[in-house]
Amino acid sequence: MAKIVASVNCSHVPAIGAAWDLGKTEQPYWQPVFKGFDYSKKWIADLKPDVVILVYNDHASAFSLEVIPTFALGTGAEFKPADEGWGPRPVPTVHGHPKLASHIAQSVILDEFDLTLVNKMDVDHGLTVPLTLMFGQPEAWPCKVIPLAVNVVQYPPPTGNRCYNLGKAIRRAVEAYPEDLRVVIFGTGGMSHQLQGKRAGLINKEWDNNFLDLLTHDPGKAAKIPFIEYVRETGSEGIEMVMWLVSRGALEDKVREKHRYYHVPASNTALGHLILENESFKG
Amino acid sequence: MADKAVVDPFEDIPGTTLFNAERSRVGYHLNMFCMSLMKKANREEFKANEDLYLRKWPMTDEQREAVLKRDWGRMIQLGGNVYFLSKLFSTDGLSFQFVAASMTGMTQEQYAEMMLHGGRKVDGNRSNSEWVK
Amino acid sequence: MTEENPFDDIPGTTLFDAHKSREGYHLNMFCMSMGDAASREEFKQDERAYLARYPMTEEQRDCVLRRDALRLIEIGGNIYFLAKLFYVDGRSVRSVCAAMSGMTDKEYEQMMLDGGRSPEGNRSKSEWAQSA
C-alpha cells in the first residue's frame, strides 16, 4: 500500500532559485535562507521518498489567462523546467508518476473534487525552487514528482477548507494504491508577502508564526481562515498559504513537528518552512 | 474513493470500454497521434507512409498494429478514445456511423437501419451475463 | 460580494479577481508574449507598434510605455504577468515593488532587511486616512 508519511512546507520565491543557480548561497543575504534547510536536506535523504506530490502555483508560465484551472494535476511522464523570461532554470527535468497520478485523479474526482488533468506542461520556479531547497542540485531528482498546480493568481483561489479537504481525499486515494510507495507531500508558497501597490513589502511575522502553530496543532481552525484575513494580514500574495492546507489535509490529525524555520526577508517575502510527520509513522 | 482495483461495476457492462484516467494514461500517445491529424500537413505525411509517421509516437507495437489495420474495436480496448480516433477515420473519409457499425460487427447499412428503428435496445445489453446467454 | 466588497477597504491593494482579470486580459496577454525572445526583440524595436496588436485601452498602452506599474495594477495588470514586461528592462519584481510603494530600491531593501512593512497601520483605509 502506498502511504503519505510526511509533509514539507516552504516558500518558493524565485530569487531563491536564482541565488542557488548563480552560486550565491554563501553570501550574507542568502546564507540564512539556505541554512534553514540544512536539517531538511538530511531528513529527506534519510527518508528516501519514492514519490513527492508537490502542491504549488504556476506564475503565468504554463497557464496564462487563456486557461485558468483551479486544481491541475500533472499526470504526464515528464515536466520540463519553464522558460520564465530568463531561460529555463538549469535543473533536471521532473519525472512524474503517471500511474499513481491517474489513480489519484480517478479517486479524487469520484470523491467530488473536479480536477483538471495535465499531461503536458512546463513547471516554473513554484515547483523547482522547493526541490532545490530540499535536494540541492543533483544530476537527476532522486524521486518521482507529481505536480498539483493550484490557482492562486486570480482571485478567488479554492478556499482553505476546500484545499484541506482535497488533501484528505488525496490521502484516501494514495492509501488505496496497491503498490508499496513512500510518499511525501509538499505544500509551497507564502508566507506573508505583497508584490503590488503601495503596501508592497508587507510582512506579518506574528500572523505567520501563528499560522505555523495552527497548521501543526489545529489545522481545522487554519482551514477556516477567510480570504479577507489572508489579504489584510499577510498581503495579496500571502493567500498562497491555502496550498499549505492541501498538504496538511493529506496527513493524519496528529503529527510531529520535525522542523520549523522562519526568516525575513527572501526578496519581498517572509520565508517559512515546516516539516511534519504523521504521529503513526516510525521513521 | 471508489477504486476500480476493488470492484469495477463498469467492467460488467458488455461491449463497453470506459475511457477513464487509467486508459487515458495507457492511450496517451495513440490519442495524441490521432490529434496530430488535425493539421493538413500531418495528414499528408501520414498518408505518404503510415508506418514511418506512426513511429514518431512512442505507442506500443500493438497500438501501432491496430492503427495500421484500422481495428477500431482494438484501438478502443488499448486506450483509444473515439473522439480522438475520429480524426483518424475522418482522414480516411469514414464516418462515425461506419466506424460504430464496424465495431459492432454490422455493415453500415444494417447499423443505419437499426438506428432508424429506434436504435439498439438496452434490454439484454446491460450486463455481461445477458450476453453470455 | 459585488455589492459591498470588504477587500476594497484594504489600502494600497488591488485584488486581481475575475473582474480585474477581464479588464486586464489583453494587457496581461501582451505581457505573456514577452516570455518569447523574438517577441521581446520586436517589442523593443517599436514598442508602440507592437502594443497596437493588443486591443487594450489607450490608458493601459500609455502606462506600459511609461512603465507605470502602480497604475497598471489598478487597471487590470497582474504582477506575475507584469514581471515579464519589467524583465525586458532588466528590472526585478523587488525594484518594481519599491517603485509602486513610492520608495527607492535602497529604502525598500532596507525596510525588508528590517523585517518588512508592518501590518500595523496598513490594515484598513481608515488608518491611512488618519496618517495622511
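Begin by selecting the charged side chains of chain A in this predicted model, where the mean positions of the 28 positive and 32 negative charges lie 4 Å apart; Lys and Arg count as positive and Asp and Glu as negative, with His and the chain ends not counted, and each charge is placed at NZ of Lys, CZ of Arg, CG of Asp or CD of Glu. Doing likewise for chain C gives 17 positive and 23 negative charges, whose mean positions are 5 Å apart.

Residues are numbered from 1 along each chain as its sequence is written, while chains are lettered from A and ligands numbered from 1 in the order in which they are written. Because the model is predicted, local features need pLDDT of at least 70 and side-chain atom pairs count only at pLDDT 80 or more, whereas totals for chains, interfaces and linings use all residues, and side-chain values use heavy atoms, with hydrogens and water left out.

The C-alpha atoms of chain A fill a box of roughly 50 × 45 × 40 Å along the principal axes, and 68% of the 283 residues count as buried, where buried means under 20% relative accessible area, exposed over 50%, and partly exposed in between, with a 1.4 Å probe and protein chains only.

Inside chain A, select Ser40(A) in helix H3 (residues 38-47). Ser40(A) is buried, with a relative accessible area of 0%, and, leaving aside residues up to four places away in sequence, it touches Met134(A), His259(A), His273(A) and Ile275(A), contact meaning heavy atoms within 4.5 Å.

Now move to the loop between helix H4 (98-110) and strand S6 (116-118) of chain A, and pick Glu112(A). Glu112(A) is not a glycine, yet its phi is positive, at about 80 degrees; with 62% relative accessibility it counts as exposed.

Two cis peptide bonds come next. One runs from Tyr155(A) to Pro156(A), with omega near -5 degrees, and Pro156(A) sits in the loop between strand S7 (144-150) and helix H6 (160-175). Another joins Gly190(A) and Met191(A), with omega about -10 degrees, and Met191(A) belongs to the loop between strand S8 (182-188) and helix H7 (205-217).

Of the two pairs of chains that touch, chains A and C have the most contacts, with 38 residues taken from chain A and 45 residues from chain C. Between them the two chains bury about 3,900 Å², 63% of it on carbon and sulfur atoms, buried area being the accessible area (1.4 Å probe) that two parts lose on being put together, summed over both. On the chain A side, Leu65(A), Tyr155(A) and Lys198(A) lose the most area to chain C, together 17% of what that side buries. Chain B and chain C, by contrast, do not touch, and their nearest C-alpha atoms are 24 Å apart.

Of its 132 residues, 48% count as buried. End at Arg67(C), in the loop between helix H5 (58-66) and helix H6 (69-74), where phi is positive, near 55 degrees, in a residue other than glycine; Arg67(C) is buried, with a relative accessible area of 15%.

Conventions. Helices (H or I, at least four residues) and strands (E, at least two) are DSSP runs, numbered from the N terminus.
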